[in-house]
Amino acid sequence: MSLYTFFGCLLIAYGPILSIFFLYIAPNAQYVLLMVSSAFFCLIALLLSSVIWYFAKSTQNIHYVSISYSVAIQEICRWGFYLLLNRAESGLNTVSANPKSPFNRSVFAFVSGFGYALMSALVGYISLLVESIGPGVIMCPSCPGATLYFISAITTSLFSLMHMAWMMISFDGFSDLPKTKGWFKIIWVIVSHYGASFATTLNASNVNYGCVYSILICSCIIVVSSYIVAMSLKSRFRLQH
C-alpha cells in the first residue's frame, strides 16, 4: 500500500503542474527560461524564510508567526520579479510568437506563476511525499480517516493553482497602480495568500474536519481568483477589439 500511496499522492500533488509543463511550457524555450527565473525568485524567498526560522528559535513552533513573515517575503519577491520582468518585457515581446498581442503580459505572468508554483510545491511537499513510502503512516489530526500525505497532496495541488492565479492578478495590479483597481488586486493577492496559508493550520489542529474546511477555503480562493483573472482577460479582449 505504501507504493500505491506514494504514486497516488505524487499524481495528486504534481499532476496538474506537470501536465501544464509538458503540454504548454516545455515546447517553448522562452517560457522555460521565464519559469526557471521565477522559480529562482521563489527559492530565494523560501531560503530567506528558512534563515529567519532558524535564527528565531523562540518562534519556531509558532506556525502563525512563521507563516506571517514567509508570506510577506514571498510577496516582496513576487514584486521584485515583476520589476525585473517589466524591464525585460519589450525584449520578451520581440522574440515572442505574437509580439503585438495584448495578452503577452498575462502569458508571462502565468508562466512566472507556474515557476513559483513548481518551486513551492517541490520544496513544501517532496520530503513528506518520500515519507509516504513507509514504514507506517501519519494520519491527519483533524481528519483521522485520511493520511496527512493525502491531505497535503491536495493542499499542494491547490496552492500550485493559486500561485499561478496570484501571479497573474498581482502583475495586473502592479501595472494598474496607482489606480484603485490596481490596489484592490494587490490587496486581494496578499489577503488571500495569508488566508490560504493560515487555513492550512487547520489540517494539524484538533478541529473536527479541519482539513475539509482548509480545502474549502483554498477552493473558494481559487474560484474568486479565477474570476478576477477572467475579468481582466475579458477587458483586454475588449480593448483589442
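Ser 106, Met 168, Ile 169, Asp 172, Ile 228, Val 229, Ser 232 and Leu 233 line the second largest cavity. A cavity here is a set of points, on a 1 Å grid over the protein atoms alone, where a 1.4 Å probe fits but cannot get out; lining residues have an atom within 4 Å of a point. The model is a predicted one: local features need pLDDT of at least 70, side-chain atom pairs count only at pLDDT 80 or more, and totals for chains, interfaces and linings use all residues. Residues are numbered from 1 along each chain as its sequence is written, and side-chain values use heavy atoms, with hydrogens and water left out.

Stay with that second largest cavity for a moment. The space in it is about 30 Å³. A volume is the space filled by probe spheres set on the grid points, which are joined across faces, edges and corners. Helices α5 and α7 each give at least two residues to its lining. The most come from α7, with four residues. By class, the lining of the second largest cavity holds five nonpolar residues, two polar and one charged. The classes are simple: Ala, Val, Leu, Ile, Met, Phe, Trp, Tyr, Cys and Pro count as nonpolar, Asp, Glu, Lys and Arg as charged, and the others, Gly among them, as polar.

How many cavities of 30 Å³ or more does a search of the whole structure find? The search finds two. The largest cavity holds about 50 Å³ of space. Its lining is made by Tyr 82, Leu 85, Asn 86, Glu 89, Arg 105, Phe 108 and Phe 171. Both α3 and α4 supply at least two of the lining residues. The largest share, four residues, is from α3. Four residues of this lining are nonpolar, one is polar and two are charged.

Now step back to the whole chain. The protein has seven helices and two strands. These are DSSP runs numbered from the N terminus, with helices (H or I) of at least four residues and strands (E) of at least two. From the N terminus, the order is α-α-α-α-β-β-α-α-α. The C-alpha trace spans about 55 × 35 × 35 Å along its principal axes. The radius of gyration, taken over C-alpha atoms, is compared with a globule rule of 2.2 Å times the number of residues to the power 0.38. With 241 residues, a compact globule would have a value near 18 Å, and the 19 Å of the protein agrees.

How is the chain packed? Of the 241 residues, 46% count as buried. Buried means under 20% relative accessible area, exposed over 50%, and partly exposed in between (1.4 Å probe, protein chains only). A contact means heavy atoms within 4.5 Å. Among contacts with a separation of 6 or more, 74% join residues 24 or more positions apart.

Next comes the largest pocket. A pocket is an open set of grid points with protein on both sides within 12 Å along at least five of seven lines. About 1400 Å³ of space lies in the largest one. It is lined by 34 residues, and the closest to its centre are Ile 67, Ser 70, Gly 124, Ser 197 and Thr 200. Five helices each supply at least two lining residues: α2 (29-55), α3 (63-95), α4 (104-131), α5 (148-176) and α6 (180-199). The largest share is from α3, with eight residues. This lining has 14 nonpolar residues, 20 polar and no charged.

The cysteines are worth a look. A disulfide is a pair of cysteine sulfur atoms within 2.5 Å. The whole structure has one. It joins Cys 143 and Cys 211, whose sulfur atoms are 1.8 Å apart. Cys 143 lies in strand β2 (residues 143-147) and Cys 211 in helix α7 (residues 210-240), so the pair ties together parts that are 68 residues apart in sequence. The torsion about the S-S bond of Cys 143 and Cys 211 is about -100 degrees, so the disulfide is left-handed. Cys 143 is buried, at 8% relative accessibility. Cys 211 is buried too, at 3%.

Cys 77 counts as buried, at 11% relative accessibility. Cys 220 is in no disulfide either, as the nearest cysteine sulfur, that of Cys 218, is 9.4 Å away.
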